[in-house]
Amino acid sequence: MKLNVAKEVARLQKMTCGELRDQFATVTGETTNAKNRKWLVRRIVWRMQANVEGGLSADAINRIRELAHGADLRVTSPPTRRLSNDAAKRTRVLPTGVQSSATPLPGTLITRVYKGRQIRVRVTTGGFEFEGELFRSLSAVAKHITGSHWSGNRFFKLDQQESK
C-alpha cells in the first residue's frame, strides 16, 4: 500500500491544533503539547510514511546511536541567570546617536517618487497611513503601490545609509 502524501497533508491542514495533537498521539503513540501546526503536520506525515513504507534501517539507527553516544548532550535546561541586587546601580545607559529601531518614529512623513508619482506615507502609532488607509507595515504599503512584494525599507530607501 502506498501513502498519498499530498492528500494526507491537505487533510491534516484542515484540522485544528488540538485535532493535530490527537492525530500525533494516535500515529506516534506519544503525547505532545506542541502548538506549531507546521511541525505537527510534518511529524505526523513522516510517521505515517515510516509506518507504511518502513522507517530507518537498522544500520542507520545503529549509526545514529553510535554518533550520539559520544556527544555531550544536555538533558536539563540551563539554570536561569540571576542578576545581583546592585546590578541596576552598576548599569549605565549611554547614548549612541543611533536609533535602535528600524521603524521611524510616529509622525514621520516618508516620501518617495515612484513612476513619476509622489508617494507620501505617514508613520502613526498604529501603523502606516497612505491615502487615508492604514497599513500594518511599510512592506504592505509597498505591495499596495507596486502590486508585488517589496521590503518596505528597501522600497522607501530607508535601508541606505546617508554618508556625511
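Modeller: W46, L56, I61 and I64 make a nonpolar surface patch of about 380 Å². Patch members have over 30% relative accessible area and no salt bridge, with nonpolar side chains (Val, Leu, Ile, Met, Phe, Trp, Tyr) joined within 5 Å and like charges within 9 Å; a salt bridge is a Lys or Arg side-chain nitrogen within 4 Å of an Asp or Glu carboxyl oxygen. Areas are Shrake-Rupley values with a 1.4 Å probe, and for residues only the protein chains shown count as cover. This is a predicted model, where local features need pLDDT of at least 70 and side-chain atom pairs pLDDT 80 or more, while totals for chains, interfaces and linings use all residues. Residues are numbered from 1 along each chain as its sequence is written, and side-chain values use heavy atoms, without hydrogens or water.

L56 counts as partly exposed because its relative accessibility is 49%, between the limits for buried (under 20%) and exposed (over 50%).

Now the sheet. Its 4 strands run in the order β1-β2-β3-β4, open and antiparallel, with pairing taken as at least two DSSP bridges. β1 (109-114) and β4 are the edges, each with a single partner strand, so one side of each has no neighbour in the sheet. β2 (residues 117-124) and β3 (residues 127-130) pair over 3 bridges, T124 standing opposite G127, and a hairpin joins them through 2 residues. β3 also pairs with β4 (residues 133-135) over 3 bridges, where F130 has E133 as its bridge partner. In that hairpin, E131 takes a positive phi near 50°.

Notes: Buried < 20%, exposed > 50% of the residue type's maximum accessible area, 1.4 Å probe, protein only.
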